[in-house]
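This report looks at selected salt bridges, strand pairings and side-chain contacts. Please keep the sequence and the model at hand while reading.

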Amino acid sequence: MSGQSLLVPGEITPVRSVPGNIRRPEYVGKPAPTPYTGPEIQDSDTVERMRIAGRIAAQAMEEAAKHIAPGVTTDELDRVAHEFMIDHGAYPSTLGYRGFPKSLCSSLNEVICHGIPDSTVLRDGDIVNLDVTAYINGVHGDNNATYLCGDVDEESRLLVERTRESLNRAIKAVRPGRQINVIGRVIESYAKRFGYGVVRDFTGHGINSSFHSGLIVPHYDSPQATTVMQTGMTFTIEPMLTLGTHEYDLWEDGWTVVTKDRRRTAQFEHTLVVTENGAEILTLP
């Protein structure tokens, strides 16, 4: 297991600017988004626009990931992704969402999700999750992945590799006519083989013109997740697996979620559309 010291909050730089000609989501400048009341099943035009948003989000994440190295700050990764999305005419969906101050989430080591990019310097042996969402043509595309920084210990490398595999297996389980809890059942059964915890309180979600539509996609086998998947439904799957407990603490910033036992955690995410034969990944670079 890694002997890295635990993370502490860094300094947050001023909010990055977005050109006025780039369309903002409706929630920017508001305390919360307007509740979504539209359909979970999207028409072909919406799905095509989501392919564009998803591709930009995936490319922005890849571009930021190229800069992951010991000595680089998480704020620098945010800058790279921010500028990439702006250059491609997209708005960074997290920027201003319920007051979030940055253009991606950077979650290191024991941070489960929603880490705020700041002056924190990456260290050799860290694992680094980047969560990037792009908004363009009125829709969102949301993805994340966990990367290795320098020489990472085997326990952490296996956690990352297996978390990626849990997402791949969950995507293969998507079929119209199946209840959505099959996704969590597949993830949880795979994670249990290695004694990993599966985070329960943060889930996948419906996504379209709304960042979070209200549809919930648990990553554990939830008897309540009885929604039947239908062709054209769009949502994310984003399993968060931990080396220890699935329980968590929240930093005073109101965003940063860390494992209660401070052991490491990894996450991967794609935005999907349900097809006649399974699922199409919309967040491919």
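## A buried ion pair

Asp-75 has a relative accessible area of 12% and is therefore buried, where buried means under 20% relative accessible area, exposed means over 50%, and partly exposed lies in between (1.4 Å probe, protein chains only). The side chain of Asp-75 meets that of Lys-102 in a salt bridge, at 3.3 Å from N to O; a salt bridge is defined here as a side-chain nitrogen of Lys or Arg within 4 Å of a carboxyl oxygen of Asp or Glu. Because Asp-75 belongs to helix α2 (residues 74-87) and Lys-102 to the loop between β1 (91-92) and β2, the pair ties together parts that are 27 residues apart in sequence. Lys-102, at 1% relative accessibility, also counts as buried, and a network of salt bridges links Arg-16, Asp-75, Asp-78 and Lys-102.

This is a predicted model, in which local features need pLDDT of at least 70 and side-chain atom pairs count only at pLDDT 80 or more, whereas totals for chains, interfaces and linings use all residues. Residues are numbered from 1 along each chain as its sequence is written, and side-chain values use heavy atoms, with hydrogens and water left out.

## Further salt bridges

The structure holds 18 salt bridges. One of them joins Arg-123 to Asp-126, with the closest N and O atoms 3.4 Å apart; Arg-123 is partly exposed at a relative accessible area of 23%, whereas Asp-126 is buried at 0%.

Arg-263 and Glu-155 also form a salt bridge, their closest N and O atoms being 3.2 Å apart. Since Arg-263 lies in the loop between β12 (257-259) and β13, and Glu-155 in helix α3 (residues 154-172), this pair ties together parts that are 108 residues apart in sequence. Both partners are partly exposed, Arg-263 with a relative accessible area of 24% and Glu-155 with 28%.

## Strand pairing

Helices (H or I, at least four residues) and strands (E, at least two) are DSSP runs numbered from the N terminus, and two strands pair if DSSP finds at least two bridges between them. An open sheet of three strands has the order β6-β10-β13, with antiparallel pairing. Because β6 (197-198) and β13 (265-267) stand at the edges with a single partner strand each, one side of each is left without a neighbour in the sheet. Strand β10 (residues 240-242) is joined to β13 by three bridges, and Leu-241 has Ala-266 of β13 as its bridge partner.

Elsewhere, strands β14 (residues 270-275) and β15 (residues 278-281) pair in the antiparallel sense over four bridges, forming a hairpin with two residues between them; the partner of Val-274 in β15 is Ala-279. Strand β2 (residues 105-108) runs antiparallel to β4 (residues 127-136), joined to β4 by four bridges, and Ser-106 stands opposite Leu-130 in β4. From β2, Cys-105 and Ser-107 point one way while Ser-106 and Leu-108 point the other, and all are buried.

## Surroundings of Gln-267

Gln-267 lies in strand β13 and, at 2% relative accessibility, counts as buried. Its side chain makes a polar contact of 3.2 Å with the side chain of Glu-238; a polar contact is a pair of N or O atoms within 3.5 Å, where within protein one must be able to donate a hydrogen and the other to accept it, and residues adjacent in sequence count only if both atoms are side-chain atoms.

Not counting residues up to four places away in sequence, Gln-267 touches several residues, including Ile-112, Asn-129, Asn-144, Thr-163 and Met-240, with contact meaning heavy atoms within 4.5 Å.
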